[in-house]
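Here is my note on the model, point by point. Please read it with the structure open.

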Amino acid sequence: MALYLLYETASGYSLFEAHGLDQIGQDTEAVRSSISDMNRFGKVVQLTAFHPFESALDALNQCNSVSEGLMTDELRNFLELNLPKVKEGKKAKFSLGVSEPKIGSHILEETKIPCQSNEFVLEILRGVRLHFDRFLKDLKPGDIEKAQLGLGHSYSRAKVKFNVNRVDNMVIQAIFLLDTLDKDINSFSMRVREWYSWHFPELVKIVNDNYLYARLVKLVEDKSKLVDDSLSALTDILGDEDKAKEVIEAGKASMGQDLSAVDLINVQMFAQRVMDLSEYRKKLYEYLVTKMNDIAPNLASLIGEVVGARLISHAGSLTNLAKCPSSTLQILGAEKALFRALKTKGNTPKYGLIFHSSFIGRASARNKGRMARYLANKCSIASRIDCFADNNTTVFGEKLREQVEERLEFYDKGVAPRKNIDVMKSAIESTQNDDMNIDEAPTEASAKKSKKKKSNGEPMAEDKPTAATNGDASAGTKSEKKKKKEKRKLDEEVTKTVTNGDAEEDGTAKKKKKKKSKDEGEDLQATTTEKKKKKKKSRSEDDE
């Protein structure tokens with residue numbers, strides 16, 4: 001049986017024929033020994049056909065299809081042209097050796113060409129790869145390497161290609177940085193408190209907030225400079241005049257020691273750093289909120305931006321989180337406790353990172369586990385919608401949040417919640433309505449333009465009612481529905497009046513027709529009687 005070999009390169013498809021295999025044998029070790037010698041290998045394997053790619057884009061598409069195990073039309077035409085034809089109802093007297101079993105099975109399904117992929121075929125293909133530049137004589141040295149480098153770059157770039165607005169890696173980095181900033185700001189603010197407490201120890205008890213304390217350290221500098229004139233500046237920072245007066249009084253009667261100018265400068269510089277870090281933390285939180293609304297809007301509206309970002313970062317990506325079942329998502333972040341419980345045969349944990357949600361905190365101690373299981377179920381639904389949906393909408397997340405609220409009421413008060421099917425149907429209807437409103441907006445604008453063009457020669461009095469009925473594009477859907485209802489009512493009243501008038505006219509016309517028909521009938525009767533009389537007279541005269 002003849003053996004053909006399909007070899008995919010960066011420059012095109014090539015087909016080799018391996019004949020005289022009995023000289024080498026079907027032993028892979030014998031093939032390996034013969035590969036290095038081109039004189040021996042060239043006698044066994046010969047190039048039969050070569051099909052170059054048209055462009056770099058074509059090469060990328062062909063490479064993507066081969067990597068996915070799919071046969072393109074070009075590859076099919078290439079094989080059908082260069083391989084022997086197989087008659088219907090008969091077995092092929094050859095086989096095609098391929099490197100990937102997936103594409104071999106796809107070729108067999110489509111073209112009925114028998115394919116094989118084993119160690120023997122792979123070793124021969126390795127020899128083809130080693131001596132490929134010698135099979136093609138027109139190639140210049142370095143052409144194959146350039147083609148491979150260009151295709152490798154474009155292939156890897158296409159695999160890494162993503163939507164810039166939906167990069168979950170940015171969310172993972174942002175939530176990691178947010179957690180580290182929280183730890184650093186807390187430790188640095190504690191250091192500022194301890195450092196400045198040597199000079200002004202009473203300020204710690206008056207001001208509890210770290211950021212406000214750092215601002216006060218920057219403003220006060222030396223406690224001996226606290227005078228009644230600085231009351232307004234202190235109230236601007238603290239937001240409370242009584243606290244500002246308390247700070248001034250505490251500064252006058254403070255028990256702290258005096259610091260040198262150099263020490264105070266260092267304390268102020270460190271306080272400024274803490275202030276900068278806390279301000280950057282606020283900006284980073286805003287950035288995280290916007291990113292979560294772009295990447296996972298439903299998950300963010302259901303469980304919150306921070307908890308949703310922690311779930312994504314712990315899973316590794318949004319797709320990994322979408323692949324997780326709800327039972328895994330429920331204990332995500334509590335792996336140590338889970339394996340400890342499995343090892344000691346104790347109780348497994350009820351919740352992991354999902355515990356930071358407000359819903360579980362609002363539930364009673366008895367219902368925390370139930371609430372965690374239900375919330376994990378809804379979070380898995382929201383993550384799958386965010387991952388695989390084309391349009392970004394928060395409708396499903398809001399509906400799922402309503403379901404969780406109803407479940408809390410059910411646990412507390414016994415109020416029966418709605419069914420999941422009904423809630424999802426309403427969510428789908430609302431998304432469809434939103435899409436319809438978006439599509440109707442440009443059509444209304446074009447209709448307005450056409451009306452304006454038509455009404456250029458007409459008086460302005462006729463344009464006012466049309467503008468009033470059309471309304472602005474920014475008006476709400478409710479006002480539009482009301483206007484439509486009023487229009488329908490007016491049209492119905494007009495049609496009723498028209499139909500009534502038509503009915504009256506029809507009645508009068510019918511009466512006139514009846515009168516006419518009666519008069520015509522009387523005339524016909526009179527004419528017939530006159531004719532009969534004339535006939536009788538004529539008959540009597542004839543008799544005489």
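How many helices and strands does the protein chain have?

1. Overall make-up. The protein chain has 25 helices and five strands. Helices (H or I, at least four residues) and strands (E, at least two) are DSSP runs, numbered from the N terminus. This is a predicted model: local features need pLDDT of at least 70, side-chain atom pairs count only at pLDDT 80 or more, and totals for chains, interfaces and linings use all residues. Residues are numbered from 1 along each chain as its sequence is written, and side-chain values use heavy atoms, with hydrogens and water left out.

2. Burial and contacts. Of the 544 residues in the protein chain, 34% are buried. Buried means under 20% relative accessible area, exposed over 50%, and partly exposed in between (1.4 Å probe, protein chains only). Take contacts in the protein chain between residues at least 6 apart in sequence: 65% of them join residues at least 24 apart. Contact means heavy atoms within 4.5 Å.

3. Helix α4. Leu75, Phe78 and Leu79 are buried in α4. They cover an arc of only 95° around the axis, which puts them on the same side of α4. The arc is that of the directions from the helix axis to the C-beta atoms. Asp73 and Leu81 are exposed on the other side of α4. The cover over the buried residues of α4 includes β1, β2 (12–18), β3 (45–52), β4 and α5.

4. Helix α5. In α5 (residues 101–111), the buried residues are Ile103, Gly104, His106, Ile107 and Thr111. Seen down the axis of α5, they fall within an arc of 165°, so they line one face of the helix. Pro101, Lys102 and Glu109 are exposed on the face turned away from the buried side of α5. Among the elements covering the buried residues of α5 are β1, α3, α4 (73–82), β4 (94–97) and β5 (115–116). Lysine 112 follows α5 and has a positive phi, near 60°.

5. The largest pocket. About 310 Å³ of space lies in the largest pocket. Of the 16 residues that line this pocket, Tyr7, Glu8, Thr9, Ala10 and Arg129 are the closest to its centre. Two or more lining residues come from each of β1 (2–8), α3 (56–67), α6 (119–130) and α8 (143–160). α3 gives the most, with four residues. A pocket here is an open set of points on a 1 Å grid over the protein atoms alone, where a 1.4 Å probe fits, with protein on both sides within 12 Å along at least five of seven lines; lining residues have an atom within 4 Å of a point. Grid points are joined across faces, edges and corners, and a volume is the space filled by probe spheres set on the points.

6. Serine 383. Where is serine 383? Serine 383 lies in helix α21 (residues 368–388). Serine 383 is buried, with a relative accessible area of 0%. Not counting residues up to four places away in sequence, serine 383 touches Leu318, Leu321 and Ala322.

7. Positive phi in loops. Most residues other than glycine have a negative phi. Glutamate 221 has a positive phi of about 60°. Glutamate 221 is in the loop between α11 (210–220) and α12 (231–238), and is partly exposed at 31% relative accessibility. Lysine 345 also has a positive phi, near 60°. Lysine 345 is in the loop between α19 (335–344) and α20 (358–362), and is exposed, with a relative accessible area of 78%.
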